[in-house]
Amino acid sequence: MGSYSELLKTRGVARIIAAQLTARFPSGMLSLAFLLHVEQQTGSYGAAGLVLAATSIGQAVAGPFTSRLMGRFGMRPVLITTLVICVTAIVAIGVLPLTVPLYMVIGLVAGLSTPPIQPAVRTIYPKMVNSRQITPLYSLDASAQEIIWVVGPVVTTFVSTQVGTVWGILLAALLMVVGGAWFISSPELGRVRIPRSKQRFGTVLGRPAVLLATIVGFLLIGACAAIEAGVVAVFGHDGSEAGIVLAIFSVGSLAGGLFLGHVPIGPWSTARRMLIVFAGTALAAFVMDFWWLSITLFIAGIGIAPALAVLFSIVSASVKFSDTAEAYGWVGTGQLIGAALGSALAGFLIDGYGAQGAFWAATALAAVGVLAAVLGRPWHPDLRGRDASPIPDTEPVPLQPS
């Protein structure tokens, strides 16, 4: 805890964490808000899953591209443009009477225009702290973002069930505007300039550590998305139980991130953390009961933030600074494709087999995640005794004739 306190006293760190968390807070609201709203309008979890899948696919396609654009045009112009388009699309989903295909199209637009705040802030972090603090900062960030998943589902469930699903979506849009404006106005966005990458688009994905982080993140977030859909299906939207269980799930992740954040990162680190997620998820699939799901999903959550912190660290330590934004964009793309797959798969299994089907899907995705981490161990950087700073960009210095 002492090192976290030291981090938060470092100039700008607490402010930039708070700003980006506020800007990304709607991420913890929109999936559930869209799920509740579209299911209410159409009467089908499968249709709602398709809309979530379209939104996630849009985010996945845009992630690496908009992240790379920040190196060409600057962070602020890219973030402002995407913020305006994304908020407009989100509001349209909430207030317009739409068919399922139109919900999917506008969801795709919202996904394509999602502001690349996460790649931006993770590119800024190494320039704000010394090399010794980078890995703890990623752990703190991964843990702090669980506030999004603790509070977001509870707020969304309460507003959507007690006031209306339209208001749940509009509240998320308002928070995106407020948080986005705060983050964009942060002085760090003016102080840190992402160098223009000299590599072709997509080349960074060929780095083994980036590819490993993308694959494991895809499976991890896919499992989480399936769990979220399953919990909502178990309890419906007539009460607050779904939001509470999802909040407990995220509290487990928050606790895991804080207490495991200083464990040295070795080749087996990702596999061990994914094993925790798999164990809790597999246990959850046995009984669809409030207390059982609360306990088992708390266990599963313990592995999530620590796994994400490891993935962020191995990416940072494996790429040049000019490629960090795009690398994180690809990792985010993997996670969002996982969310699309997990949501869609869970939706159809819920329609066919009931809520338990979603937990079967989540367990399978988590199991494959453990296997991927084990098989990818040779690609996994050993950061024990090393820092996670990006590789410096260097250029040849012309010699002056004597």
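Is Glu188 buried or exposed? Glu188 counts as buried, at 4% relative accessibility; buried means under 20% relative accessible area, exposed means over 50%, and partly exposed lies in between (1.4 Å probe, protein chains only). The model is predicted, so local features need pLDDT of at least 70 and side-chain atom pairs count only at pLDDT 80 or more, while totals for chains, interfaces and linings use all residues. Residues are numbered from 1 along each chain as its sequence is written, and side-chain values use heavy atoms, with hydrogens and water left out.

**Salt bridges**

- The structure holds two salt bridges, a salt bridge being a side-chain nitrogen of Lys or Arg within 4 Å of a carboxyl oxygen of Asp or Glu.
- Glu188 pairs with Arg15 in one of them, and their closest N and O atoms are 2.8 Å apart.
- Glu188 lies in helix H11 (residues 188-191) and Arg15 in helix H2 (residues 13-24), so this pair ties together parts that are 173 residues apart in sequence.
- Helices (H or I, at least four residues) are DSSP runs, numbered from the N terminus.
- Arg15 is partly exposed, with a relative accessible area of 30%.
- Glu326 and Arg68 also meet in a salt bridge through their side chains, at 2.6 Å from N to O.
- Because Glu326 lies in helix H17 and Arg68 in helix H4 (residues 45-73), the pair ties together parts that are 258 residues apart in sequence.
- Glu326 is buried at a relative accessible area of 3%, whereas Arg68 counts as partly exposed at 23% relative accessibility.

**Aromatic pairs**

- Rings of Phe, Tyr and Trp (its six-membered ring) pair if their centres lie within 6.5 Å; planes under 30 degrees apart count as stacked, over 60 as edge-to-face and the rest as tilted.
- By this rule the structure has four aromatic pairs.
- One of them joins Phe290 and Trp291 edge-to-face, with 5.1 Å centre to centre and 85° between the planes.
- Trp291 counts as exposed, at 61% relative accessibility.
- Phe312 and Tyr328 also form an edge-to-face pair, with 6.3 Å centre to centre and 75° between the planes.
- Phe312 lies in helix H16 (residues 304-316) and Tyr328 in helix H17 (residues 324-353), so the pair ties together parts that are 16 residues apart in sequence.
- Both Phe312 and Tyr328 are buried.
- Phe235, Phe290 and Trp291 form one aromatic cluster.

- Ile295 is found in helix H15.

**Buried helix and residues**

- Helix H8 (residues 134-144) is mostly covered, with eleven of its eleven residues buried.
- Among the buried residues of H8 are Ile134, Tyr138 and Asp141.
- Ser160 lies in helix H9 (residues 146-162) and is buried, with a relative accessible area of 6%.
- Leaving aside its neighbours within four places in sequence, Ser160 is in contact (heavy atoms within 4.5 Å) with Leu36, Thr165 and Gly168.

**Cysteines**

- The whole structure has zero disulfides, where a disulfide is a pair of cysteine sulfur atoms within 2.5 Å.
- Cys86 is buried, with a relative accessible area of 2%, and Cys224 is buried at 14%.

Definitions and conventions: Helix = DSSP H or I, 4+ residues; strand = E, 2+ residues; numbered from the N terminus.
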